[in-house]
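Dear colleague,

I am handing over the structure below, together with a summary of what was found in it. Please read the notes alongside the coordinates.

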Amino acid sequence: MRETPGVAVVGEEGGGSPSGVTWYVDPLDGTMNFVHGHPCFGVSIGAVDEDGPLCGVVVAPALGLEWWGSRDGGAFRNGAPCRVSDAEKLAESLLATGFPPDRSKHPESNLPAFNEVMQHVQGVRRCGSAAIDCCFVADGTYDGYWERALHAWDIAAGTAIALAAGGHLTALDGGPAELARGYIVLTNGRIHDELVGLVSGTRATSAV
């Protein structure tokens, strides 16, 4: 990045290796949506340091939405401060999740967890862009989000924004989140333990 010379850059298309503070860049998150003319796609740029997601920006041009945020600077949607939702219970919640592109071959389809969670919430949406899903948690549209087998460039920016908005991020089992592994639960914090209990109790074939 021009303004941060010497800082490592890792991109979906451009490769690169993380080192200390690292920029993760996804120039088109939601590629399948873009190809089919669905508006949920965007550009995602986020920085991660030794303490986790540091800052990020996600731009969804077809939706007319921009989110940005940083660890010490708060979170914003189209220039206005945003915060996570106030939902206290899963039964009151609208969540989001996603699935691997080829569910017939992928060993962790996320369908068992989806079927379990759907029985306990108001609804689960499947946007098709992990970056936008995280931002919808940040601005309170969604109360929580979980997914398996993502890449760091999918979620570095969105999780940074959601954390800046007061969100809570862990691995599927409730332990520390590892963005490089991409098995995450991201919520408003209030429903976090309930959601972790459901998704960790419906693990797919591989250990999380």
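In which strand does Val124 lie? Val124 belongs to strand 9, which covers residues 123-125. Please keep in mind throughout that this is a predicted model.

Val124 has a relative accessibility of 11% and therefore counts as buried, the cut-off being under 20%. Leaving aside residues up to four places away in sequence, Val124 touches Leu94, Leu95, Ala96, Thr97, Phe114, Val117, Met118 and Trp146. Val199, by comparison, is 75 residues from Val124 in sequence, and the C-alpha atoms of the two are 13 Å apart in space.

The sheet around this residue is an open one of five strands, in the order 9-8-10-12-11, with mixed pairing. Strand 9 and strand 11 (168-171) are its edge strands, each pairing on one side only, and neighbouring strands are turned against each other by 20° on average, direction ignored.

Going through the pairings, strand 8 (residues 94-96) runs parallel to strand 9 and is joined to strand 9 by three bridges, with Arg125 of strand 9 as the bridge partner of Ala96. Strand 8 also runs parallel to strand 10, here with two bridges, and Ala96 stands opposite Tyr145. Strand 10 and strand 12 (residues 184-187), in contrast, run antiparallel and are joined by four bridges; the partner of Tyr145 in strand 12 is Leu186.

Within strand 10 (residues 144-147), Gly144 and Trp146 point one way while Tyr145 and Glu147 point the other way, and all of them are buried.

Helix 2 touches strand 8, strand 9 and strand 10, and its direction makes about 145° with that of strand 9, whereas helix 5 touches strand 8, strand 10, strand 11 and strand 12, its direction making about 155° with that of strand 12.

How do these helices meet, and at what angle do their axes cross? The axes of helix 2 (residues 111-118) and helix 5 (residues 192-200) come within 8 Å and cross at roughly 135°, which means that helix 2 is oblique to helix 5. The crossing is right-handed. Ala113, Glu116 and Val117 of helix 2 make the contact with Leu195, Leu198 and Val199 of helix 5, and by class this contact has five nonpolar residues, one charged and no polar ones.

Notes: Residues are numbered from 1 along each chain as its sequence is written. This is a predicted model: local features need pLDDT of at least 70, side-chain atom pairs count only at pLDDT 80 or more; totals for chains, interfaces and linings use all residues. Side-chain values use heavy atoms; hydrogens and water are left out. Axes are lines fitted to C-alpha atoms, for helices over the stretch in contact, and angles run from 0 to 180 degrees between N-to-C directions. Angles under 35 degrees count as roughly parallel, over 145 as roughly antiparallel, 65 to 115 as roughly perpendicular and the rest as oblique. A crossing is left-handed if the near helix is turned anticlockwise from the far one by less than a right angle, and right-handed if clockwise. Contact means heavy atoms within 4.5 Å. Ala, Val, Leu, Ile, Met, Phe, Trp, Tyr, Cys and Pro count as nonpolar, Asp, Glu, Lys and Arg as charged, and the others, Gly among them, as polar. Buried means under 20% relative accessible area, exposed over 50%, partly exposed in between (1.4 Å probe, protein chains only). Two strands pair if DSSP finds at least two bridges between them.
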